[in-house]
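Biologist: Hi, could you walk me through this model? I'd like to go piece by piece.

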Amino acid sequence: MTEKAYKYLFGPVNSRRLGISLGVDLAPRKVCSLDCVYCEVGATTMLTMERKEYVKYEKVVGELQHYLTNNPLPDYVTITGSGEPTLNSRFGDVIFFLKSNFPAVKIAVLTNGTTLNNLSVRRELLPADMVMPSLDAVSKDVFEKIDKPESTIDIDEYIEGLISFSKEYKGELNLEILFLKGYNDHESELKLLREIIRKINPTRVQLNTLDRPGVVADLKPLTYNELEEVAKIIDYPNIDIIARKSEINLMSESKVAVSESMILELIKRRPCTFDDIKKVTLESDYGKVGEIVEVLFRKGRIEEVSENGSVFYKFIVGQKKKESKN
């Protein structure tokens, strides 16, 4: 494996859903169309629906070309971001580059789904092997409370975009819903979600809840048993609970080399517990992971944050301000 520091790539990581996944960051921190109260990346600093080349195409594909030529191919390249990746006006060109030059690698796209009422966005997404949009609420009040959308976003148009894309798309469409206690877990909202999910008709529905610090303090996750009750109400043929539970943290047997830069890139994208780092890297040596975490802590690159009885390592945003430039 070639050692090189990448600005727009992170990982590869071991993903329960995607196997060995190489992340591609197409939106800088934190350009997004939503300001979700639970976001693990942090508060949105640029709340927008404007599409433009936030991260330069040439720089992204240059890193992809170098990595995929000099390292074992991952199972998936996952297009995501520290914000909403489809706001990058050239994300479709990145997909085309990968399909043209590395056809053996599958492509997954993580999106909040707010841009899917845009025909151009839907067309650019069609070549992807898997698309994972989110939908946390159906009613306007709940949607605005939990997701805090950009002012021009209409919940009905948002949902119509998901429905239209599902009809056009031939790949695997996995709809993720994140639940918070007291926000979107009451029965009336669950019944509305059940109705809309059937109209969207995704390949799978994936239920999640808070498992690391969000933007708003004192958010409460649902228990696994409560998520099971939610699943019963939604009553969709293909539904999974993807929230963390020791029995379902089934990782690939492939092992990813652990390094200081890799762990820092993981923590930059989302806060991680010590066990998160071990599971993602499948590193059995507690001492090796601990030494790297300690070095990052001493350098002032990360800090400890307590949430729901767990200690998370969180990236200190102000540490390297130059990284926010393209």
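Modeller: Happy to! Helices (H or I, at least four residues) and strands (E, at least two) are DSSP runs, numbered from the N terminus. Helix 4 is followed by lysine 148, whose phi is positive, near 45°. This is a predicted model, so local features need pLDDT of at least 70 and side-chain atom pairs count only at pLDDT 80 or more, while totals for chains, interfaces and linings use all residues. Residues are numbered from 1 along each chain as its sequence is written, and side-chain values use heavy atoms, with hydrogens and water left out.

Biologist: Thanks! Which residues of helix 4 are buried?

Modeller: In helix 4 (residues 140-147), they are Val142, Phe143, Ile146 and Asp147. Buried means under 20% relative accessible area, exposed over 50%, partly exposed in between (1.4 Å probe, protein chains only). Seen down the axis of helix 4, these buried residues fall within an arc of 100°, so they line one face of the helix. The arc is that of the directions from the helix axis to the C-beta atoms.

Biologist: And what covers them?

Modeller: The cover includes helix 5 (155-168), strand 8 (172-179) and helix 6 (187-200).

Biologist: Helix 6 also packs with helix 7, I gather. At what angle?

Modeller: About 55°, with the axes of helix 6 and helix 7 (residues 224-234) 9 Å apart. Axes are lines fitted to C-alpha atoms, for helices over the stretch in contact, and angles run from 0 to 180 degrees between N-to-C directions. Helix 6 and helix 7 are therefore oblique to each other; angles under 35 degrees count as roughly parallel, over 145 as roughly antiparallel, 65 to 115 as roughly perpendicular and the rest as oblique.

Biologist: Which residues meet there?

Modeller: Leu190, Arg194, Ile197 and Arg198 in helix 6 meet Val230, Ile233 and Ile234 in helix 7. Contact means heavy atoms within 4.5 Å.

Biologist: New topic: how many residues has the largest nonpolar core?

Modeller: It has 74 residues, and those with the most contacts inside it include Tyr38, Phe179 and Leu180. A nonpolar core is a set of buried Ala, Val, Leu, Ile, Met, Phe, Trp, Tyr and Cys residues joined through side-chain atoms within 4.5 Å. A second, separate core of 15 residues includes Val13, Ile277, Val293 and Ile302.

Biologist: Last one: is glycine 92 buried or exposed?

Modeller: Glycine 92 is buried, with a relative accessible area of 14%, and its place is in helix 2 (residues 91-101). Glycine 92 and glutamate 124 are 32 residues apart in sequence, yet 4.6 Å apart in space, C-alpha to C-alpha.
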